[in-house]
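Dear colleague,

I am handing over the structure that we spoke about, and my notes on it follow below. Please read them with the model open beside you.

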Amino acid sequence: MWSSMYNPEKQKLKRRVDWRRLGELFRPYIWQETQLTICIVATSILGLLPPLLTLSIIDKAIPKNDFNLLLIDVGLMLGSALVSGLIGVYQGYLSSFVGESIIRDLHTRLVTHLHHMPLSFFAATKTGEIMNRVSNDVEAVDSVVTMTMVAILTNVFIIITTLFAIFALDARLAALSLVLIPLMVLPLWPVGRRMYEARKRTRAKRDEMHASTQETLSVSGIVLVKSFVKEELERSRFFKLADDLMKLEVNVAMVGRWFLMAITFMITAGPAAIWLIGGFLAIKHGVTVGVLVSFVALLGRLYTPVSSLAGVQVQVVSALAVFERIFDYLDMSEERDSPNAIVLKQTDGAVKFDDVTFIYPDTNRGVRNLTFEIHPGQMVAIVGPSGAGKSTVAQLLPRLFDPDSGVILIDQHDIKSVTRASVRSHIGIVMQETYLFHDTILANLKYAKEDASEDEVIQACKAANIHDFITSLPEGYKTIVGERGHKLSGGERQRLAIARVLLKDPKILILDEATSSLDTENEAAIQSALEPLMQGRSTLVVAHRLSTIMSADCIYVVEDGSIVEQGNHQKLLAAGGAYARLYRANMS
Ligand code: ADP
């Protein structure tokens, strides 16, 4: 349950980036992106003005004592700064609009995809890990989109416009400054890779922490911790995780530090070289002071973007780790209906298992060669010791799992040839553990039928023997039931579940140990709620308590995944086999 799942050996450096896939995320916002690009081009051109105006001030206005020109130059400087500031505001709006829209899309896609994932995925994955991907990872994408992408564009355009300007000023100096560029970028290259690995490791560790807190801080988890007095053990487990994370984070910060130091050095070193050579040219070959000053100012505009583009590579590469984690989830296969699956509109509720075998992946447990039938309106019970495979049968019918071999039929239709949604729409399930949303009783009931009228809801609750209880609550149907319905007793939750299924009004009913673990009074209340529920429906009861299924039309006794006996209560009891033994054990 708390095993470590991160294995550095397994985390291989990744295949090449799927740019097309990233591009698809940006496609719907092409109009905003175009405007954004125009803004960026405009500000990068405006940014050229101050250094060029400096040239004019130093070489023209001052030497010629031209006060008017000085005023114009300074005025233009201020004006360009103001306009580019204003454009910057709009640019900020656009980039956050695009970024947030992409997050919204990705979030929705991810959550919807998860809703369509098979049950086996949720059984095999820690909830905390899923939560972490859905919230933190998607949020992390935001900074990539709004900051990194805009930074790339901005820097590219600044470089292009600056190159034009410096070549126009002095081609010799310009050529020299270009030679220095590779010297600046190359040393930064390996940083990206290290950063990528470090970030990936911290994310995996965060997953682990989320999973662990999710487990211990849930209602059932905390009850477990408290009842076994394991607070100290949990503290040390958690500390270990938090400590690992802390070390990994320090590592990430240090990779970033070295990187920053390298950049800072280069930003100073580049212009220093130009001062040296430019100064020499000024002394010997008549390059004017104005050209030199504005040249060095422009160089700042060249080197800073070049270094940060190298930095962007680091950011992009590490951000891709996040995208990959999201894409990994999106790539997992959903429950997919076969292409020519039909929609089962109506059913009589006839169910047939024909030689059905299903073994849980990587185990040898499950059910084997099951054959049985439920005629419309009949009640069939599956009984057997714990672990025999009863719940598995109940999960195969609504296609939470598909058989490895054999077929399950509803009215002559192999359920694999019918859409999952339509199969499920005809099945009502009352589980041993009733899940209720943290919402009002009414909202929980209406989950089964959104447009149910008040009268329908009340009728269902009366039939389920829960109406009087609900109206006795101070807030009645408006009472909020806590997470997993914690404020209600097990029996009350189950009767709510029965009312919910009554509202859904399915033809086929699955009762999974619906009356186990209850006191006699509650059991009687549920028994009388179940009777109207079963009227006119085909019912599959999976039960430990044999008292509930004596009236079943047929009882199948399952042991070790196979049917070992079948018949009605009287017949099985008389046969004196497995059922009779179970019965005696139950009644003693
Ligand atoms: P029952 O309802 O009769 O108590 P189940 O149908 O729940 O039994 O389980 C049948 C067998 O399959 C058990 O041995 C159980 O351990 C195993 N099993 C149940 N669910 C899974 C699963 N998701 N993955 C692997 N094995 C499982």
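**Helix H17 and what follows**

Aspartate 505, which comes directly after H17, has a positive phi, near 55 degrees. Helices (H or I, at least four residues) and strands (E, at least two) are DSSP runs, numbered from the N terminus. Please bear in mind that this is a predicted model, in which local features need pLDDT of at least 70 and side-chain atom pairs count only at pLDDT 80 or more, while totals for chains, interfaces and linings use all residues. Residues are numbered from 1 along each chain as its sequence is written, and side-chain values use heavy atoms, with hydrogens and water left out.

Helix H17 itself covers residues 490-504, and its end C-alpha atoms are 21 Å apart, which agrees with the 21 Å that its 15 residues should span at 1.5 Å a residue; the expected span is 1.5 Å times one less than the number of residues. H17 is mostly covered, with 13 of its 15 residues buried, where buried means under 20% relative accessible area, exposed over 50% and partly exposed in between (1.4 Å probe, protein chains only).

**Strands E9 and E10 and their partners**

Strand E9 (residues 508-512) is joined to E10 by five bridges, and the two run parallel; two strands pair if DSSP finds at least two bridges between them. Within this pairing, isoleucine 508 stands opposite serine 538, and aspartate 512 has valine 542 as its bridge partner. E9 also pairs in the parallel sense with strand E6 (residues 427-430), over four bridges, and there glycine 428 has leucine 509 as its bridge partner.

In a regular strand the side chains alternate between the two faces of the sheet. In E9, Ile508, Ile510 and Asp512 point one way and Leu509 and Leu511 the other way, and all are buried. Strand E10 (residues 538-543) is likewise mostly covered, with six of its six residues buried: Ser538, Leu540 and Val542 lie on one side, and Thr539, Val541 and Ala543 on the other.

**The open sheet**

An open sheet of four strands has the order E2-E1-E4-E5, with antiparallel pairing. Strand E2 (366-374) and strand E5 (413-414) stand at its edges, each with a single partner strand, so one side of each is left without a neighbour in the sheet. Strand E1 (residues 351-359) is joined to E2 by six bridges, and valine 356 stands opposite leucine 370 in E2.

The loop between E5 and helix H13 (420-425) holds threonine 419, which is buried with a relative accessible area of 14%. The side chains of threonine 419 and serine 422 are joined by a polar contact of 2.8 Å (a pair of N or O atoms within 3.5 Å; within protein, one must be able to donate a hydrogen and the other to accept it, and residues adjacent in sequence count only if both atoms are side-chain atoms).

**The ligand**

Which residues surround the ligand? They are Tyr360, Thr363, Arg365, Pro385, Ser386, Gly387, Ala388, Gly389, Lys390, Ser391 and Thr392, each with a heavy atom within 4 Å of the ligand. An oxygen atom of the ligand is 2.7 Å from an N or O atom in the side chain of arginine 365; a ligand oxygen is also 2.8 Å from a polar backbone atom of lysine 390, and one is 3.1 Å from a polar backbone atom of alanine 388. The protein covers 68% of the 560 Å² of accessible area that the ligand has on its own (Shrake-Rupley method, 1.4 Å probe).

Serine 44, in helix H2 (residues 30-46), is buried with a relative accessible area of 2%. Serine 44 and threonine 154 are 110 residues apart in sequence and 7.3 Å apart in space, C-alpha to C-alpha. In helix H3 (residues 49-61), the end C-alpha atoms of the 13 residues are only 16 Å apart, short of the 18 Å that a straight helix would reach. Helix H4 (residues 67-115), by contrast, has end C-alpha atoms 71 Å apart, which agrees with the 72 Å that its 49 residues should span.

With best wishes
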